[in-house]
Amino acid sequence: MMGFWWRPLGVLASILLVALILWAGSGWIAALGFLAGIQAFVMVRRLWQEFRLSRWLENPDEVDPPDATGTWGDIFYRLQKLQRRQRASRSELSNALEQFEHAAQAVPDAMVILNRSEQIEWCNPASRNFLGLDCDRDRGQFIRYLMRQAYFLDFLDAADYSQRLVCKSPINREITLSLQLVPFGASQKLLVARDITDLERVDAMRRDFIANVSHELRTPLTVVGGFVETLADVRDLPASETRHYYDLMLDHTRRMQRLLDDLLTLSRLESDDHSLKDETVSVAELAQALKSEAESLSRGRHRISLRLDSAASLKGNLQEIRSALGNLVSNAVRYTPDGGEITLAWREREGEGVFAVTDTGEGIAAEHIPRLTERFYRVDRSRSRETGGTGLGLAIVKHVLTRHGARLDIESAPGKGSTFAAIFPAQRMQPAATASAAEVVPFPAREQAAG
Ligand code: ADP
């Protein structure tokens, strides 16, 4: 700052010196005239520079500060430096704002900034989809007037920042939201709404699943428990009755066993999501084995035939494929009344492999078909139980097929029968000539197969 004073003081001293010399040489009138001249010059210059400064101040962003020498030059130079620094920090600020804006737009959660009076100061685009708020339209509005649901107002009143409110989106009942209030700045609040629809769905599925499994196990357990109590309490039961109780207990124990086996198979399929074995599965041999199994399950009550229109094998996991196709075959036997026909067929269609099980059984109404592969979904619960069903067979089939890139196609008409077809993609097909006998996996007995 001292540097500022040196020059004007130097100039002042020089002027005074000249005035003194003039006074001494030419008298005081000449000295005063000189000083008045200098004064007039300084005034005119100052007016001019002030004019330039005020012209620049009117539009400081557009033009650079005026050029000048001396003290004014110094002032203009400092102003220019100040202006550059301001420009730089303004552009930094606007870059940061732009980045924040981009990030806020990319965030999948809805974010709303509320001021001390709960007026909307800002909100991101996701707020429109989840809360029905529009940043341009609703800025400055009281959020209580826009979201009037009692549960939301209670949530705002509670102002408990550790709590989350789980509720349906006010504009789309299909979306479940988790709302949270976060305090920040000077009495401001950030309202965050997260879409938890999928989490909720998974949670509901888990709850249903546990309820279903408990329910499925409770019935046979109650029956077995009841018989055990009877056998323990009543000493002299006739042998035939005792035999009958034992048979029923065995029945229910087997039912629990089947249920646990199916549950374990499902859980194995779910947890083992990568290492799919790539064995060569001879579908012709497998189909023969499945036909024999169907015959022993049917005990002569149905006509069972096999059509092999392709000699191709499959690449995949033998145990899993056997378990899936075995489920389709056993369903056909279980849901086809005596005297009905069941056909197992293996053929190729446009490069894909189709293993179809057709029956002339009771058939299924169209509204049930999309849900058949859900766990524990049955069209007729008691019919399924009577025939030893667990309600998990088609869920296992779907899992296995999905793991093999295959799909399940169901065609059915009530009273006419059904066709359940497992359709394998071309990549899983192995033409007959390329699968040498040595490569084909030897066929295990049914007891060793999964499912
Ligand atoms: P379940 O152990 O009850 O048979 P699944 O998952 O194998 O369970 O099958 C689900 C439901 O699909 C069955 O309860 C039954 O209602 C129906 N279903 C399956 N296969 C057939 C079929 N071939 N004919 C008629 N209904 C069938």
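This is a predicted model: local features need pLDDT of at least 70, side-chain atom pairs count only at pLDDT 80 or more; totals for chains, interfaces and linings use all residues.
**Stop 1: the domains.** Start by colouring the chain in four parts: domain 1 (2–101), domain 2 (107–195), domain 3 (203–270) and domain 4 (279–434). Now zoom out until domain 1 and domain 3 are both in view; their centres, taken over C-alpha atoms, are 101 Å apart.

**Stop 2: the largest nonpolar core.** Select L314, L325, F355 and F424, the residues with the most contacts inside the largest nonpolar core, which has 45 residues. To see where this core comes from, show helix 9 (239–271), helix 10 (283–298), helix 11 (318–334) and helix 13 (393–403), together with strand 9 (341–349), strand 10 (352–359) and strand 12 (417–424); each of these elements gives two or more residues. Which helix gives the most to this core? Highlight helix 11, with its eight residues. With your domain colours still on, you can see that domain 3 and domain 4 each contribute at least three residues to this core.

**Stop 3: a second core.** Next, select L114, W122, L181 and L191, which are among the 29 residues of a second, separate core.

Stop 4: Move on to P8, V11, V42, R45 and T71, the lining residues that lie nearest the centre of the second largest pocket. This pocket has a volume of about 690 Å³, and 21 residues line it. Show helix 1 (2–26), helix 2 (28–58) and helix 3 (70–106), each of which supplies at least two lining residues. Helix 1 has the largest share, with nine residues. Colour the lining by class and you will find 14 nonpolar, four polar and three charged residues.

Stop 5: How many cavities of 30 Å³ or more are counted? The count comes to one, and the largest cavity holds about 50 Å³ of space. To find the spot, select E216, P220, R255, M256, L259, R378, G389 and T390, which line this cavity. Helix 8 (197–233) and helix 9 each supply at least two of the lining residues, and helix 9 gives the most, with three. By class, the lining has three nonpolar, two polar and three charged residues. Bring back the domain colours to finish: domain 3 and domain 4 each provide at least three residues of this lining.

Key:
Residues are numbered from 1 along each chain as its sequence is written. Side-chain values use heavy atoms; hydrogens and water are left out. A nonpolar core is a set of buried Ala, Val, Leu, Ile, Met, Phe, Trp, Tyr and Cys residues joined through side-chain atoms within 4.5 Å. Buried means under 20% relative accessible area, exposed over 50%, partly exposed in between (1.4 Å probe, protein chains only). Helices (H or I, at least four residues) and strands (E, at least two) are DSSP runs, numbered from the N terminus. Domain bounds come from an automatic or database domain assignment. On a 1 Å grid over the protein atoms alone, a cavity is a set of points where a 1.4 Å probe fits but cannot get out, and a pocket is an open set with protein on both sides within 12 Å along at least five of seven lines; lining residues have an atom within 4 Å of a point. Grid points are joined across faces, edges and corners, and a volume is the space filled by probe spheres set on the points. Ala, Val, Leu, Ile, Met, Phe, Trp, Tyr, Cys and Pro count as nonpolar, Asp, Glu, Lys and Arg as charged, and the others, Gly among them, as polar.
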